[in-house]
Amino acid sequence: MTSKAELYDDVRKQIVAVVTGETSHTARYATASCLLRETFGDRYFWTGFYVVDPAKKTELVVGPYQGTMGCLRIPFGKGVCGVAAATGETQLVEDVHAFPGHIACDSRSNSEIVVPVFDSKGELAAVLDVDSTEFGAFDTEDQAGLEAICRDLLTV
Ligand code: SME
């Protein structure tokens, strides 16, 4: 059976193969959300990107995603995505209801991981948000796999 680390490495390679040289960030985010959801199926209830609004710089706006309807805008510092954007650090949350300021776009979501995405200049461009209906669905292996994908996403 293929291990989770191998699955992450395979999907990372697929994403890199598709997006290398692509000039549109939207196309890159759409490809990653699609291939992650295809790979991990129902384990990923919501899979997608919140992008830094170029007009405001301190607010995220929803980008390409797979799943139920997401909130449109999240200020930096608010909720799990907003904290990941403000700190530039991955947020691994076993119980979203215990996270201060959590934004419940869909009440079925119970745990999540949010990984910052930096562009080739090292500036924050977006965050990748993956939600699950299970509590504690994500671990450090998911974190390592998603961080490797996010490192490559805008830089290849
Ligand atoms: N739960 C997130 C909001 C985004 S959605 O779940 C799609 C948060 O608190 O950042």
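## Thr31 in helix H2

Thr31 lies in helix H2, which spans residues 25-40. The model described here is predicted. Thr31 has a relative accessibility of 17% and therefore counts as buried, since the cut-off for that class is under 20%. When neighbours within four places in sequence are left aside, the contacts of Thr31 are with Val18 and Val19. Both of these valines belong to the group of H1 residues that meets H2.

## Packing of H1 against H2

The axes of H1 and H2 are 10 Å apart, and the two helices pack at an angle of about 150°. This angle makes H1 roughly antiparallel to H2, because angles over 145 degrees fall in that class. The crossing of the pair is right-handed.

On the H1 side, the residues in contact are Lys4, Leu7, Tyr8, Val11, Gln14, Ile15, Val18 and Val19. Their partners in H2 are Arg28, Thr31, Ala32, Leu35, Leu36, Thr39 and Phe40. Sorted by class, the contact of H1 with H2 comprises 10 nonpolar, three polar and two charged residues.

From H1, the contact uses Lys4, Ala5, Tyr8, Val11, Arg12, Ile15, Val16 and Val19. From H4, it uses Glu141, Asp142, Gly145, Leu146, Ala148, Ile149, Asp152 and Leu153. The contact of H1 with H4 divides into 10 nonpolar, one polar and five charged residues.

For H2 and H4, the packing angle is about 155° and the axes are 11 Å apart. H2 is therefore roughly antiparallel to H4. H2 passes H4 in a right-handed crossing. Here Arg28, Tyr29, Ala32 and Leu36 of H2 meet Leu146, Ile149 and Leu153 of H4. By class, this contact of H2 with H4 has six nonpolar residues, no polar residues and one charged residue.

## The nonpolar cores

The largest nonpolar core consists of 26 residues. Those with the most contacts inside this core are Ile15, Tyr29, Leu36, Tyr44, Phe49, Leu128 and Leu146. Two or more residues are contributed by each of helix H1 (4-19), H2, strand E1 (46-52), strand E5 (111-118), strand E6 (124-132) and helix H4 (140-153). H2 supplies the largest share of the core, with five residues. Another core lies apart from this one and has 15 residues, including Phe45, Trp46, Val52 and Leu60.

## Leu146 within helix H4

Leu146 is located in helix H4 and is among the residues with the most contacts inside the largest nonpolar core. At 0% relative accessibility, Leu146 counts as buried. If residues up to four places away in sequence are not counted, Leu146 touches Tyr8, Leu36, Tyr44, Ile113, Val115, Leu128 and Val130.

## Two loop residues

Lys57 is found in the loop between E1 and strand E2 (59-66). With a relative accessible area of 56%, Lys57 is exposed, because the limit for that class is over 50%. Lys57 is not a glycine, yet its phi is positive, at about 70°. Most residues other than glycine have a negative phi.

Ile103 is placed in the loop between strand E4 (91-93) and E5. Its relative accessibility is 23%, so Ile103 counts as partly exposed. Apart from neighbours within four places in sequence, Ile103 is in contact with Cys71, Ile74, Lys78 and Gly79. Ile103 and Lys78 are 25 residues apart in sequence and 7.7 Å apart in space, C-alpha to C-alpha.

Notes: Residues are numbered from 1 along each chain as its sequence is written. This is a predicted model: local features need pLDDT of at least 70, side-chain atom pairs count only at pLDDT 80 or more; totals for chains, interfaces and linings use all residues. Side-chain values use heavy atoms; hydrogens and water are left out. Helices (H or I, at least four residues) and strands (E, at least two) are DSSP runs, numbered from the N terminus. Buried means under 20% relative accessible area, exposed over 50%, partly exposed in between (1.4 Å probe, protein chains only). Contact means heavy atoms within 4.5 Å. A nonpolar core is a set of buried Ala, Val, Leu, Ile, Met, Phe, Trp, Tyr and Cys residues joined through side-chain atoms within 4.5 Å. Axes are lines fitted to C-alpha atoms, for helices over the stretch in contact, and angles run from 0 to 180 degrees between N-to-C directions. Angles under 35 degrees count as roughly parallel, over 145 as roughly antiparallel, 65 to 115 as roughly perpendicular and the rest as oblique. A crossing is left-handed if the near helix is turned anticlockwise from the far one by less than a right angle, and right-handed if clockwise. Ala, Val, Leu, Ile, Met, Phe, Trp, Tyr, Cys and Pro count as nonpolar, Asp, Glu, Lys and Arg as charged, and the others, Gly among them, as polar.
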